[in-house]
Structure formats: structure tokens, C-alpha cells
Amino acid sequence: MSKLLHRLGVYGFSAAQENQLLQSLITGDPALMIGTQGAAKTLVAKAVGKALGLNFQAYDASKAMFEDILGMPNPAALSKGEMDYIQGPLTCWDKEFLLIDEVNRAAPELQSKWLEILRSRQVMGLPLNVKFIWGAMNPFGFEGTNQMDAAYLGRFATFVYVPTSMEMEDDTRIAVINSVGLDDSPAANFWVQGDNHADEIDFEGVGAELRELLTKAQEHYHILVRTGKSVALANFLAKYARALFVNNAELELDGRRLGMMRRSVLATRAIELAKAEMYSEPLVDFVQSAKRAVVSSIPVGLNEEGARNSDLSARVENVFMQLSDFFTDDGDVQKLEDVYRLLVSPSVYEKVEILLTKDLNDLTTVSAWSAICMNDSFDMSVLAMVALQVEINNPGTIPANIIDQLTVRMSNNSIQFVEAMGSGVSQVEVTNDYPARAQEIVETFEMADDPV
């Protein structure tokens, strides 16, 4: 019932992807669809615009020139020292909903002309009537695609990966085969009048339902903005951005991006609440809802081939899940601070101390130990000695595979230390190879009332 896009003759989008697109109609922040040719990116924009009765226009960013979007300057206005344009059926001034197609086929000089429209809904300082903007592009690497300027890419708030036909279930693929879109079969009734499936779509009825949904969702959105969830979300995003940057320097989220992410999370939740109210749908867990919204708001790898399977995408989700207790009402504040400190601390020894003395979740523990083991910036011998001494005194504290990874990287000058511990020596004299900070970690752990 709630798959409104299906009822508009658009197939393949999951319920979550439908929500990603619809939430952009709550805030007006632009959404960008990424998919191969024939994935119905243009169709979904046209169908939604038609159903909602919005004044819609699609532009091909690789071809549209300045005069195509604005019209020609009005000579009469220019003679009076005023700036005005001669409007036509294709110009953007009176449009409410725009689709910017082929966004990454535009040359750099053509990309820049969209910046003001995307961000401020203005052209040359003159206001437009545009409220909603979607973009569409093929994955980078397709013939004719170009690198996207960071400022251009940064104007889009949400990134929706449209599935290919091979990623759909069989029944959905059959529906695609049987469907007739708004631009399909234009001569079907030229010689003989007959049935055309596109004529069977109840755009008016679905549009009325969609308007009701968006109205309810926007009411929920304004309520959410005023609740404690919005405050907690801002706190989370501030910490998330810092933790993500510390662990992945190439993922620096600017203030505009973080603001769009906050609105996306709240608007997505608002759509889910409205659907639950209208269709009695079970409400998805807020952590999962927020994760989808946050992950889909980060432009990971859009200028790289194979972006959807990149390692960075996995890190984006991993850091989110480690901090996800910020979204739960009964989250342990101190534990959250410990996790955050573990993620952002520049000191390996402080990370180890937190891991050994604090009660953390399994994902955080495994991720942190793995990251430490992959660190090549220092001699792992000292850390291995700390781990071995702690493990001998308190068996089971450190995962066996981590012990193996650490000891393999011990240098030769640590053999005496290992032999001493193997003989039952519990304390080792502080030497240059066993710095005071490492000794403090061991002593802190040994004095803990309830070691992990």
C-alpha cells in the first residue's frame, strides 16, 4: 500500500529508497539519484511531479545553456537599466520542481551555473519559484561522465542509488517489463485506438494520497525539530563528524553537509511516522532509520568507479554503529563518551587503556583492536608486551586473534621480555623498550576493581 512509486508505474525502488526521495520533498534539500541507463531516474521525477500537480521541468545538464534555463535578456528592461528575461515554456522562473539530469556529464564550466539554483533557488540574485530539485546521473566511469566539482556535489543533500533490473526480484522485474512509462510507446494509438498501460495510472488519486502523506510528514517534522531528539541528533553528528575524520581524513564533513544530514534524519523519520499513521506500517527502529539517512547523506566515492562497494562506505557505517547509542533513550552517557574518546584519541596507549578498563560493545572492541593492529606508525613490540602481560594476569581479556596479530609483529629485542613472562614474572623493569606509559596501563588494569 505504501509503495506509492509502484502505483505511479515506477518499479525497483525499495521502501527505504522511496522514503529517501520523499523526505527531500519535506525539506526541499536536493536529492541525487545514481543509476545506470534505463533505471527510471527521469521517470520517477516526472511521475511524482505529475501526481503532485507541480510545474515540473527536466534539464539535461550536459546540454542546457544559460539561455535555455533563463531565457533571453529582455531588451526593453535593459534599456531601463533593469535585468529581466523573456520567459518561455522551458525557462525555470515559474517552475516548482526541477530535475537536473546527467549532472556528471556537464563540463566544469557548465556545472558551476547550477550552484546558485541548487543552494539558494536564485539566478543572478533573482529569486525563482523552485521548491524541489532532484538530480540524476550515471555512475562515474560510464562513457562521457566527468569528475564532479566538490562545490557542485556538496549542494546535494541525499544520494539515492537506483537498483538495476538485475538487482530486482523476479516479480519486480516482470512488472518493469509490463510497464509503460510516460515517455514509452508514443505511437501506440496512432493507427488504432487501444489500451495503453500508462493511461491506467491514477495520477490524480495517488497524487492526493501523496499530498496527504507529505502534509502529515511535514507536521511530524516540525514536531521532531522541537523535541530532545533534535538536540541529541546535533550532539551525535558533531561527534560522528570528528570521529569519522580522525579515522578517515578524506571524509571531512563541512557545516553545510552536517546541517543537511540533520534535516535528512528528521525528515526521513517524519515520512516513516506519516506512513505508520496512514498505512499502519510497523515503525522501523530509529537507529536503523537514522543510519540510512546519515549514510545516504555522505557523497562517498561518487567521483570514483565502484563507489558502492568502496571500503570508505563500510567505515562510514562502522563509525555510525559504534556511536549509535546516542539514539537510544537509555544510552549509557559515560559509555558513549568512552567510545567517542576511543575513536578520536591520537594516543595508541590511551586507546589500549580504554579497551582494557572500560565495558564497551563488541563492535567497538573488535574495530578498535583491529585498527590498532593495522597501525604501522610505531613499534608494535611495546603494545604486544602490554597485551601479553595483561593476558597472563587476566586470561581472556584480549581476543586470541588480537594477541596473535600483536606478537607476530614483536621485534627481536622483546624476546627476553616474553621469556620472562613465560617464567611467571608478573612485573618487568621499565626500560627504553617498555616505556612508562605502557607500565601505567598494566598497573591501572591490575588495580581495577572490575577488569573487563
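Analyst: Buried means under 20% relative accessible area. The model discussed here is predicted.

User: Is Tyr-240 buried or exposed?
Analyst: The cut-off for a buried residue is a relative accessible area under 20%. The relative accessibility of Tyr-240 is 0%, so Tyr-240 counts as buried.

User: How are the rings of Tyr-240 and Phe-320 arranged, stacked or edge-to-face?
Analyst: A pair of aromatic rings is described by the distance of the centres and the angle of the planes. Planes over 60 degrees apart count as edge-to-face. The ring centres of Tyr-240 and Phe-320 lie 6.2 Å apart with their planes at 75 degrees, so this pair is edge-to-face.

User: Which helices does this pair link, Tyr-240 being in one and Phe-320 in the other?
Analyst: The two residues are 80 residues apart, and their pair links distant parts of the chain. Phe-320, which is buried with a relative accessible area of 0%, belongs to the helix of residues 311-322, and Tyr-240 to that of residues 228-247. For Tyr-240 and Phe-320 respectively, the helices are α11 and α14.

User: How many aromatic pairs does the structure hold, and what kind of pair do Tyr-152 and Phe-156 form?
Analyst: The total for the structure is 11 aromatic pairs. In the case of Tyr-152 and Phe-156, the centres are 6.3 Å apart and the planes stand at 65 degrees, so the pair is edge-to-face.

User: Which residue has its charged end over the ring of Phe-203?
Analyst: Phe-203 is one of the α10 residues that meet α3, and Lys-50 is among the α3 residues in that contact. The charged end over the ring of Phe-203 sits 5.2 Å from the ring centre and belongs to Lys-50.

User: Are α3 and α10 roughly parallel or roughly perpendicular to each other?
Analyst: The axes of α3 (residues 41-52) and α10 (residues 203-225) come within 7 Å and cross at roughly 85 degrees. Angles of 65 to 115 degrees fall in one class, and the two helices are therefore roughly perpendicular.

User: How do the residues of the contact of α3 with α10 divide?
Analyst: The α3 side includes Ala-47 and Val-48, and the α10 side includes Leu-210 and Arg-211. The residues of this contact divide into 7 nonpolar, 1 polar and 2 charged.

Definitions and conventions:
Residues are numbered from 1 along each chain as its sequence is written. This is a predicted model: local features need pLDDT of at least 70, side-chain atom pairs count only at pLDDT 80 or more; totals for chains, interfaces and linings use all residues. Side-chain values use heavy atoms; hydrogens and water are left out. Rings of Phe, Tyr and Trp (its six-membered ring) pair if their centres lie within 6.5 Å; planes under 30 degrees apart count as stacked, over 60 as edge-to-face and the rest as tilted. Helices (H or I, at least four residues) and strands (E, at least two) are DSSP runs, numbered from the N terminus. Buried means under 20% relative accessible area, exposed over 50%, partly exposed in between (1.4 Å probe, protein chains only). A charge sits over a ring if NZ of Lys or CZ of Arg is within 6 Å of the ring centre and within 35 degrees of the ring normal. Axes are lines fitted to C-alpha atoms, for helices over the stretch in contact, and angles run from 0 to 180 degrees between N-to-C directions. Angles under 35 degrees count as roughly parallel, over 145 as roughly antiparallel, 65 to 115 as roughly perpendicular and the rest as oblique. Contact means heavy atoms within 4.5 Å. Ala, Val, Leu, Ile, Met, Phe, Trp, Tyr, Cys and Pro count as nonpolar, Asp, Glu, Lys and Arg as charged, and the others, Gly among them, as polar.
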